[in-house]
Each structure stands twice: as structure tokens, then as C-alpha cells.
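Here are my notes for you, written as numbered points. Keep the structure open while you read and look up each residue as it comes along.

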Amino acid sequence: KLCQKADLQAQRLFASSAVSSSAKEVKRAVLDDTSEHKKSFCAIQEERRERALRSVLISCPPKFNEKKFLDYISKHGDITNHFFYQSYGTNAVVEFTSRDSIAALKRSCTIPSVQHEAAVPFKSRLLSLKGNVSQSSSLNTVRCCEHSPIPVSELLQKLSRQESVDEQLRCLTEAYQLSEEDISLRFLVCSLLGDIAAAYFPECIIRPFGSTVNSFGKLGCDLDMFLDLDGVSGQKQSKGSGLSIEYQMKSVTSDRTVTQSILSVIGECVDKFGPGCVGVQKILSARCPLVRFAHQPSGFQCDLTANNRVAIKSSELLFVYGRLDERVRHVVFAVRCWARVHSITSSIPGAWITNFSLTVLVLFFFQRRVPAILPTLDQLRDLAGPSDKCIIEGNDCTIVSDLSKIKLEKNTDTLEKLLQEFFEFYGNFAFNRNSINIRRGKEQNKPEAAPLHIQNPFETSLNISKNVNATQLERFVALCRESAWLFQEGEVIKRGALQSGDLIPPWGLAALLLPSVAESAGVKGRRKKKREPASARIRTLLESL
Ligand code: CTP
Ligand code: MG
């Protein structure tokens, strides 16, 4: 029945897209008009990068006098912004109004005296607050901003206290999304790394990509970084007198070899000289070579890549989709969280579906709604202006940057309906035959035999879920079906009454995040197992909680 429904939707969508084949004709825009909302992805990133250049990261003792600390720091220049967070102790990010203040502050810093060891004399913007802080008359514990997500048990209670499933999805996004402070810290870590890479490439920029900037990042997610050397290697020959002077440069066999050797030396520098950088691994033979390490002062797991411009563009694409309709981010956060608690995704690399793939699955589902909630990638390309043109390694990565040009259709589906139908859609999707294609907004015949085929939006010959094996896909489908069933059952969607204390039985989204019957019985065993009534199941699960 669900398959028929999906087919019917597909036919309707096809009919409607045949009528309005050009993105310019898509009907109504529902875009927020605030000036913050109008800023392009690149403008936002550039602003954050510039602020990071004016910032320092200071490790502080557990208790100290905040006012005294700020007074001391501001002797070197005006402070625009500051915040505290916890990671291996209390840390402060201080943003000055001018970069000159950092130079002034650094001039007053002393070299640490270490016993039995020797300090590597690399003077970075990572500092420590020292002195007679413990003897100060009025010590206080500073207010720290959220830096890691709340535990799932706490989240379940928070969700259960909401009045509707729609509110639950909004509450989940609110609880999990990266805070402004966390994003600032991520840009600062990139900037600190940039100072190290500048030893070899003074003009390089280290830019964050992936979930740090695509608007789907969850507190505690990894920090994907890209070493941008375009300022060094991307300059065009100047026209004019006919004469020009070029750099003499060493040449090697391929771009990949260049990337590998750059990452190798930068990785070495990070390992040997980078304060706070530990566990450096060079993974240079991967399809996309990278250096992985932990940045202790921020608590971030970092992946540094180079020559990975397409990934920045796909981050921008996801950001654009997240901005077009607020429901996109809410459903993506819910699906990512659901997948994580059911171990469909994992922080360990392997045959699991990744968060990136899950996000594309949600985008595709939104494109397939009737009326469509999101435009196709081809439509975004068609709306692009001349300055948006972007070809990377032969791939057309052009998308419109002025979001006000995008006209959206009127679709009033609730978050509850969307989440339920997401599970129905993928619980019945013909993964054996079809590939997910957000460029066209339509499923395509699978070009290769991989169990799950999701076309890379920009490098269209690649499958972003090539790593996923049949077992993992089967688990995803089984859990989609179970969650769709829980929705249809109705009972889990109803809010229960307050129980003893402040406890409300997990319901709605919270019920979907509870351990799965299918998982505990094994996917195959589940078919034979007779289900308990939903009310009994919730009671058992609640007791186990
Ligand atoms: N990427 C890609 N193709 C893949 C995997 C990743 O193009 N097969 C790009 C995407 O732009 C993705 C980014 O690399 O956003 C970072 O990948 P990853 O860290 O796996 O995903 P995130 O979106 O950052 O999500 P997470 O929160 O799990 O880190
Ligand atoms: Mg990531």
C-alpha cells in the first residue's frame, strides 16, 4: 500500500515537475527576511574566520576571579566578546577588537618553566592563566557554555515533557545543535592550526567544513578541516605587457602526491610543535588523505584534509537546504539522533551509514513530498548567477548563493507527519533497484551493485554510501519499518499523564529513541516474535529506564 502511495506521489511529482521544469517557475518563497538570514554562506564563514583571527584561547584554573582576569586581559586591548567552556578544565575564548591586541598580549606572556622536560618554543595563541589566582580574595566559578550534548536519558525526559511531536523535534534540535560559542571555538581551532601550517605556507587558510558549518552539527561532533592553498596555487597569469614572472616550483607525479606530502609535513608539525594536539595519525593512503588528531584544549576530534574543495561546496549545499525550510534541520536532527541511539551510525569508521548519507536521505525525501518542500540541485544550479559559477576538478558545483531567488512551493506538512512518512518512505524504498539522486530529485536506476547507492551531489560518478554493506542497510530498513509501525500504532504518539515525581512515560519521538524490540531480538528473530501491545512495551521500557 505504501509502495503504491509512493509511486502515486512520484507520478504526481513527475507531472508537476514536467509542467514547471525550470526552477525559476517553482511557486512560492517562504524565506525569512532578516538580514542575518540573507547573508550568504561564504560571507558568514568569512566573518567567523576573521573573528577567530582576533581571538585567543586561554586555559584557566578551576576557580579564579573572572573580573580580575578580564581586567588584566583588556589591558592589552578592547575585548569584543568572551566566553568560558569546560574541556580538561575551564577555558576562555577571548575575542579582541583588533589583531594588534594579540601581539601586545603575546609580548607580555612568559615561557613556561617545565621540570625534567623541555618546552618547544612555538608561541601560539593557546595560553594559560597563571599567577596568584588561588590567593585572590573573591574566587568564583564562571558560567560555562554548553560544549557537549546532554545524556540521552535526560533528553528523553526533556522530550517527554513537550506537548506535541512537533515541539519534541524542535526541542531536540535546540538541545543538540552547535551553539554560537561552539562554532566560534571551532573556527578558532582552525585558526590556531593555520598558524602552524603558515610556517610552510604563509598564505594558506584552514577552513572548517562538514557538520561544523552545514547547520546540522551536533554538540561534540568532529571538526573537519580543509587546508586551502588556493591563495598559493590558484593565481592566474596576469595579462598586460606580455611579460610575466612565474615561481619555480618542484613538480611531482600527481595532485594526490602533492596533497600527501603537504599533509605529511603539516601532520609532522602538528605532532611535534602543536600545543594541545595529541594522537596524531597520518592517514595518507585514504581516498581523501587526512591527518587525524585530538585537540585537547577544545576537546575536538579533528580531521585535516587538503585539496578537498568539493566537500566545502557540499557543506554549503547542505547549509542552503537547511536554510530554505526550518523543518529540514528538525527532521535531520531527529533522524540523526534516532540513527545514533539505534547504532545505525557510529563514530568508528566502518560499514555503517554516515550522518552525511542520512542527511542526503532526508533531503531527497523532502524533494519527493507533494508539493515538494525542497528544490532539486539542478534547480539550484539553474537559479545561479554568473558569480556563483563554480567548477571544481571538472565537476559543476554551481549553486545559487542568493537564497531570495528560490521560490518554494506551499507545503504545510507537520514535523510529526514528515517524520512518520520518512520512516514509511525508506521502510519501503526499492534500494535494490534505485539510487538516491538529489540532483534530479528522483530515484534513478542504480549504476552499480552497492547495497545502498546515494549519488554524490557534485562528484556524480561517486556513491557517498559505498561503505554501507547489506546488513547495515537491512538494519536501517528494519528500524524504519519498526518506527513507522510505532507511529501507526498511535499509542506511542499520545502524551501520557504525569507519573510519580516529574516523570512522564516516554512518548512520541522519545518512544522512538528507546531500545528497539527488533534490535534486541535480532532483525531476523523479530519476524517470528509476536509483539506485545504498545502500552505494555512502553511500561516495560519505562521500568528498564
Ligand atoms: N563527505 C563527502 N563524501 C563522503 C563523506 C563525506 O563528500 N562519502 C563530505 C561531506 O561534505 C561531509 C564532510 O565530508 O559533510 C564531512 O564528513 P563527515 O565528518 O563524515 O560528515 P559530517 O557531515 O561532518 O557529519 P558528522 O557530524 O558525523 O561529522
Ligand atoms: Mg564531520
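1. Start with serine 215, which sits in the loop between strand S5 (205-209) and strand S6 (223-228). Keep in mind that this is a predicted model.

2. Now hop over to glutamate 393, in the loop between strand S10 (391-392) and strand S11 (395-396). Glutamate 393 isn't a glycine either, yet its phi is positive, at about 45 degrees. Its relative accessibility is 57%, and since anything over 50% is called exposed, glutamate 393 gets that label.

3. Most peptide bonds are trans. The one from valine 370 to proline 371, however, is cis, with omega near -5 degrees. You'll find proline 371 in the loop between helix H13 (355-367) and helix H14 (377-382).

4. On to the charged side chains: the count of salt bridges comes to 26. One of them joins glutamate 46 and arginine 207, whose closest N and O atoms are 3.6 Å apart. Glutamate 46 belongs to helix H3 (residues 41-53) and arginine 207 to strand S5, so this pair ties together parts that are 161 residues apart in sequence. Both partners are partly exposed: glutamate 46 has a relative accessible area of 35%, and arginine 207 comes in at 23%.

5. Which residues are linked with that pair in a network of salt bridges? Along with Glu46 and Arg207, the network takes in Arg49, Asp228, Asp230 and Arg309.

6. Look at arginine 292 and aspartate 303 too, which form a salt bridge with their closest N and O atoms 2.7 Å apart. Arginine 292 is in strand S8 (residues 290-295) and aspartate 303 in strand S9 (residues 300-306), so here the parts being tied together are eleven residues apart in sequence. Arginine 292 is partly exposed, at 22% relative accessible area, while aspartate 303 is buried, at 10%.

7. Last pair: are aspartate 325 and arginine 327 buried or exposed? Their side chains meet in a salt bridge, at 2.8 Å from N to O. Aspartate 325 has 12% relative accessibility and counts as buried, and arginine 327 is buried as well, with 10%.

Notes. Residues are numbered from 1 along each chain as its sequence is written. Chains are lettered from A and ligands numbered from 1 in the order in which they are written. This is a predicted model: local features need pLDDT of at least 70, side-chain atom pairs count only at pLDDT 80 or more; totals for chains, interfaces and linings use all residues. Side-chain values use heavy atoms; hydrogens and water are left out. Helices (H or I, at least four residues) and strands (E, at least two) are DSSP runs, numbered from the N terminus. Buried means under 20% relative accessible area, exposed over 50%, partly exposed in between (1.4 Å probe, protein chains only). A salt bridge is a side-chain nitrogen of Lys or Arg within 4 Å of a carboxyl oxygen of Asp or Glu.
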